[in-house]
Amino acid sequence: MIRKRDLHECTALYELMSDPSVLAYVRQKASSADEYWFMTKQLMEEEEKGLSISRTIISDYGQPIGTINLFDIEDGAGFLGTWIGKPFQGLGYNKKAKEQFLNEMFFETDIHTIFLRIRRSNAKSIRATEKLPYVLKANTTHSKIYEAINRQSDIYDLYYIPKDLFHLVMLQQSTEEEQAM
C-alpha cells in the first residue's frame, strides 16, 4: 500500500500528478518529469535530516499511484500532504494509505500530532477527511497554527490527528473485526 520513495517511480508519478484536477492540490508542483525527479531527490534528502517523511502510495498491483508525505516536522508534529492520481481516486486507496502511514508515524517515529491544511474549495478532500473518525477540526483549538496558515488570505481549514485518538480508533476497529469473526 505504501513504500519508501524510489526515484525510478518519478516518471509514472509525474504523469499522474500533472493532471490539472490533481495538480491543483499538490504541494510540490513540478513542470516536467525531470523537475519532479529533482524535487523527489530533495525530499528524500530532507527525510534523512528528519525534516519530512515521504512514501509512495501503490495500487493492489504494485504500481505507483500517488504520494503521502509529512512536511514541516517540528516538535513531534507535521503537516500531512496526500495526492492520488485521478484514475485511482474513489477506490479506497486514500484511507488505506493514510492508516498505514499514520501507523508508521505514530508507532515507529516520535510524531504525536499530524495536521492537515485543506483548502475550503477542496470539497472532495474535506468530505474524505471528515469521514475519518480520528480526525478533529482544529480551527479554534489550534488557533495560532490556523492563523499562520491563513496569514495571506482565509482559504484553509485546519484539522489534526492526535496519536492517542488514532490509537483508540484503531483498537476499536480491531476489536469490532475480531467480534465479527
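I began with the burial scale: buried means under 20% relative accessible area, exposed means over 50%, and partly exposed is in between (1.4 Å probe, protein chains only). I kept in mind that this is a predicted model, in which local features need pLDDT of at least 70, side-chain atom pairs count only at pLDDT 80 or more, and totals for chains, interfaces and linings use all residues. I also noted that residues are numbered from 1 along each chain as its sequence is written, and that side-chain values use heavy atoms, with hydrogens and water left out.

**Entry 1**

My first stop was D72, which I found in strand 3 (residues 64–74).

I then moved along to D75, in the loop between strand 3 and strand 4 (77–84). Here too phi is positive, near 55°, in a residue other than glycine. D75 counts as exposed, since its relative accessibility is 68%.

**Entry 2: the whole chain**

Next I stepped back and counted elements, taking helices (H or I, at least four residues) and strands (E, at least two) as DSSP runs numbered from the N terminus. I got seven helices and seven strands. Read from the N terminus, their order is β-α-α-α-β-β-β-α-β-α-β-α-β-α. The radius of gyration is 16 Å, close to the 16 Å that the globule rule gives for 181 residues, so the chain is as compact as a globular protein of that length. For the record, this radius is taken over C-alpha atoms, and the rule is 2.2 Å times the number of residues to the power 0.38. The C-alpha trace spans about 45 × 45 × 35 Å along its principal axes.

I noted that 43% of the 181 residues count as buried. For contacts I used heavy atoms within 4.5 Å. Among contacts between residues at least 6 apart in sequence, 61% join residues at least 24 apart.

**Entry 3: S54**

Which side chain does the side chain of S54 meet in a polar contact? I first placed S54 in strand 2 (residues 53–58). S54 is buried, because its relative accessible area is 1%. Its side chain makes a polar contact with the side chain of R5, at 2.8 Å. Such a contact is a pair of N or O atoms within 3.5 Å; within protein, one must be able to donate a hydrogen and the other to accept it, and residues adjacent in sequence count only if both atoms are side-chain atoms. With neighbours within four places in sequence set aside, S54 is in contact with R5, L43, E47, I68 and N69.

**Entry 4: S59**

I went on to S59, in the loop between strand 2 and strand 3. Is S59 buried or exposed? S59 counts as buried, because its relative accessibility is 5%. Leaving out neighbours within four places in sequence, I found S59 in contact with I65 and Y93. I also checked S59 against M1: they are 58 residues apart along the chain, and their C-alpha atoms are separated by 6.4 Å.

**Entry 5: G85**

G85 sits in the loop between strand 4 and helix 4 (93–108). At 0% relative accessibility, G85 counts as buried. Beyond its neighbours within four places in sequence, G85 is in contact with L16, V22 and I65. I compared G85 with K137 as well: 52 residues separate them in sequence, and they are 26 Å apart in space, C-alpha to C-alpha.

**Entry 6: H167**

I ended in helix 7 (residues 163–180), where H167 is found. H167 is partly exposed, as its relative accessible area is 33%. The C-alpha atoms of H167 and N103 are separated by 8.5 Å, with the two residues 64 apart along the chain.
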